[in-house]
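Work through the exercises below with the sequence and coordinates at hand. Each task is followed by a solution in steps.

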Amino acid sequence: MKILHLLYESKGDYFGIGGVGIRAYEIYRYLRNDHDITLLCKKYPNAEDGEIEGLRHIFVGTESKSLTRTLLSYAYHAALFVKKYGDNFDIIVEDFSPAIPTFLHAFTEKPVVLQIQGHTGALYFRKYNPFYALTLYALELLRPGFYDNFILINPETARKLRLGRKKRMQIISNGVSRELLDALPEEGQYILYIGRIDIYGKGLDILVKAYREFHASFPHLRLVIAGDGRDRETFQAELMKLPREVKDSIELVGWVSGDQKTEVIGKALFCVFPSRHETQSICVCESLACGKAVILSDIPEFLVYKEAGAGVISSRGNASSLAQTMRDITLSSEREEMGKRGREWVRTYTWDKIALEYEEFLRRVLEK
């Protein structure tokens, strides 16, 4: 197959890379030798067309430090690219974002698969100004109706979107690398958050408040925060306002990958994810693969991990609840068993298996 994939976040992106980009690179790592794959990515400073990790990259749009301007420019130029060159491909995959109004159905007759990571809904109004929030809310609600083929990451997103019965839809989850399943779990003197530095979405403001309370009972346990994102500088500034003894116990280690990621997860006492909004977190799955118990907020997308016996739940947006849950799991004799159950549960979700499901769905779309 000749696949064109509209990927709005890529390696080296000024605004960082999250689960959308990581998923694409992991899946195509297993498919790139059998298919002709082109990634159409938004432009960032010093981005150059060419091959990255064995995949052809084409960058379009306007370089800007304004994310909104960058995304709108990318949407416009990506649609023009599809209009001009779309017939050169067998199938087009678009990672959906309501902030990128491409409306590809109007520019090509080639089959288009809309890949939707999650559903934000009314939470937009808590994060953005009313006008921008209303625009995103409306686009998230309306745009999928113009498409016929969908890949969804989890059943909860399918339930929220309420897509019509005539739509061709497949739930294909995120995955983990097999190497993580072989990591030897240890228990160091720190708890870990790993993921994008998104203060509101990932609940990092709640995490810091909870850790400040937790630190009074367990001053020897550090909080390690691994990841990057556009809120990094703002987050660092907020940390500087903390009491010195708390601030000195919080370590930002930046983006981690490969052996460094395995080590930082593998030596954590446990991992914590206080998100206000999620899809299916790759970082949660990777923590489970490393045999770690997890603390999660009580959002629907996280309940599956509790049902698997891999972690415990705290109230979303409630720092005191999170602090108490952190104290409980620190003292719990069940922590190691949670890690074992989580590792066993995630074992069926490796990227090689996910890639085969993804490939098979694209073939079915082409056949029909």
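**Exercise 1. The cavity**

Task: State the volume of the largest cavity, then list and classify the residues that line it.

Solution. The model is a predicted one. Step 1: the volume of the largest cavity comes to about 30 Å³. The structure has one cavity of 30 Å³ or more. Step 2: its lining consists of I206, P274, S297, S314, S315, R316, G317, N318 and L322. Step 3: sorted by class, this lining has three nonpolar residues, five polar ones and one charged.

**Exercise 2. Cysteines**

Solution. Step 1: the criterion is a pair of cysteine sulfur atoms within 2.5 Å. Step 2: for C41, the closest cysteine sulfur belongs to C283 and is 20 Å away, so it is too far for a bond. Step 3: for C283, the nearest cysteine sulfur is that of C285, at 9.3 Å, and C283 is in no disulfide. Step 4: the count for the structure is zero disulfides.

**Exercise 3. Accessibility**

Task: Is C41 buried or exposed, and how do C283 and E307 count?

Solution. Step 1: buried means under 20% relative accessible area, and exposed means over 50%. Step 2: C41 has 0% relative accessibility, so C41 is buried. Step 3: C283, with a relative accessible area of 16%, is buried. Step 4: E307 has 68% relative accessibility and therefore counts as exposed.

**Exercise 4. Placing E307**

Task: Which helix contains E307, and what separates its C-alpha atom from that of G145?

Solution. Step 1: E307 belongs to helix α12, which spans residues 303-307. Step 2: E307 and G145 are 162 residues apart along the chain, and 32 Å separates their C-alpha atoms.

Methods. Residues numbered from 1 in each chain as written. Predicted model: local features only at pLDDT ≥ 70, side-chain atom pairs only at ≥ 80, totals over all residues. Heavy atoms only, no water. 1 Å grid on protein atoms, 1.4 Å probe; cavity = no way out; pocket = protein on both sides within 12 Å on 5 of 7 lines; lining within 4 Å. Points joined across faces, edges and corners; volume = space filled by probe spheres on them. Nonpolar A, V, L, I, M, F, W, Y, C, P; charged D, E, K, R; others polar. Buried < 20%, exposed > 50% of the residue type's maximum accessible area, 1.4 Å probe, protein only. Helix = DSSP H or I, 4+ residues; strand = E, 2+ residues; numbered from the N terminus.
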